[in-house]
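Please open the structure in a viewer and keep the selection panel at hand.

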Amino acid sequence: MKGIILAGGSGTRLYPLTMVTSKQLLPIYDKPMIYYPMSVLMNAGIRDILIISTPQDTPRFKELLGDGHQFGVQLTYAIQPSPDGLAQAFIIGEEFIGNDTVAMVLGDNIFAGHGLKKRLQAAVENAESGKGATVFGYYVDDPERFGIVEFDKDGKAISIEEKPEHPKSNYCVTGLYFYDNKVVEYSKNLKPSARGELEITDLNRIYLENENLNVELLGQGFTWLDTGTHESLVDATNFVCTVETHQHRKIACLEEIAYLNGWISKDEILEHYELYKKNQYGRYLKDVIDGKYQENLY
């Protein structure tokens with residue numbers, strides 16, 4: 001399976017913070033924001049990743065992440081000239097995807113929770129075994145802002161509606177999607193919505209109507225954060241700081257994921273430790289190398 005991180009957009013809701021840098025390069029506690037969605041793909045076992053961003057921000061991502069070898073992955077880059085909808089990513093990434101299945105995560109989304117890795121790997125298995133698409137639902141208090149899933153009495157998804165005036169549930173579709181290869185053709189045949197975008201909700205609706213959409217609910221014990229406002233940036237930083245301080249495990253430590261997956265060696269992670277050893281991030285890497293932790297929580 002291939003992976004896509006969509007890290008475009010102008011970030012106007014975060015002005016003046018994002019007037020000279022990408023939203024996805026802003027810090028969430030001790031890491032750049034893009035580390036968090038990248039960790040989701042890596043925890044799903046995905047090593048071939050395409051980062052889609054704006055013409056001006058793509059060089060900055062390249063400077064930060066390079067070709068990804070230091071994390072045991074292969075990174076490539078593509079430009080989204082203008083934000084014409086999330087589903088456009090599969091058209092931009094058509095050549096990258098090839099004949100493979102694909103997962104996409106939005107560059108400003110954070111996922112955390114014990115057991116998340118198993119959910120991710122199950123979504124990969126679903127797509128690769130011909131069972132269609134998997135999306136993740138999460139309870140929200142303001143469903144008017146999201147793509148909302150309606151369920152029947154047996155808990156089966158029966159409709160998806162984008163930013164509904166009269167929401168049929170409080171469960172939104174988060175910014176993480178797993179698809180079979182049909183997603184490219186479906187995306188190319190989408191018509192722009194009233195706001196001129198190729199909507200991911202329209203794409204998910206095709207899978208739903210074909211009875212090929214699996215909606216996994218992230219319930220108690222899981223956290224999903226969409227970091228698109230000043231307030232949510234603070235919330236995300238506070239959340240990550242609190243969890244890491246009290247659980248003594250990092251969320252989205254790419255070096256740790258790569259090392260535990262066997263993608264980089266002890267010598268390679270030691271190089272990262274030397275770079276960061278003057279702060280708590282480096283000390284954490286040393287603890288990982290020394291085998292201090294018995295379980296990979298995320």
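**First stop: a pair of tyrosines**

Select tyrosine 281, which is buried, with a relative accessible area of 6%. Here buried means under 20% relative accessible area, exposed means over 50%, and partly exposed lies in between (1.4 Å probe, protein chains only). The model is predicted: local features need pLDDT of at least 70, and side-chain atom pairs count only at pLDDT 80 or more, while totals for chains, interfaces and linings use all residues. Residues are numbered from 1 along each chain as its sequence is written, and side-chain values use heavy atoms, with hydrogens and water left out.

Rings of Phe, Tyr and Trp (its six-membered ring) pair if their centres lie within 6.5 Å; planes under 30 degrees apart count as stacked, over 60 as edge-to-face and the rest as tilted. By this rule there are twelve aromatic pairs. Tyrosine 276 and tyrosine 281 form one that is edge-to-face, with 5.3 Å from centre to centre and 85° between the planes.

Next, select Phe90, Tyr177, Tyr179, Tyr186 and Tyr207 together; ring pairs link these residues into a cluster.

**Second stop: helix α7**

Select residues 200-209, which make up helix α7. Helices (H or I, at least four residues) and strands (E, at least two) are DSSP runs, numbered from the N terminus. Which residues of α7 are buried? They are Ile200, Thr201, Leu203, Asn204, Tyr207 and Leu208. Seen down the axis of α7, the buried residues fall within an arc of 155°, so they line one face of the helix. The arc is that of the directions from the helix axis to the C-beta atoms. After α7 comes glutamate 211, whose phi is positive, near 60°.

Within α7, highlight aspartate 202 and arginine 205, which are three residues apart, about one turn of the helix. An α-helix has 3.6 residues a turn, so residues three or four places apart point the same way. Aspartate 202 and arginine 205 form a salt bridge, with their closest N and O atoms 2.7 Å apart. The term denotes a side-chain nitrogen of Lys or Arg within 4 Å of a carboxyl oxygen of Asp or Glu. Aspartate 202 is partly exposed at 21% relative accessibility, and arginine 205 is partly exposed at 25%.

Select Glu162, Lys163, Arg195, Glu197 and Glu199, which salt bridges link in a network. Within this group, glutamate 197 meets arginine 195 at 3.6 Å, N to O.

Two lysines lie over rings. A charge sits over a ring if NZ of Lys or CZ of Arg is within 6 Å of the ring centre and within 35 degrees of the ring normal. The charged end of lysine 2 is over the ring of phenylalanine 96, 5.0 Å from its centre. Lysine 250 lies over the face of tyrosine 284, at 5.6 Å from the ring centre.

**Last stop: the cysteines**

How many disulfides does the structure hold? The number is zero, a disulfide being a pair of cysteine sulfur atoms within 2.5 Å. Cysteine 253 is buried at 2% relative accessibility, and cysteine 172 is buried at 0%.
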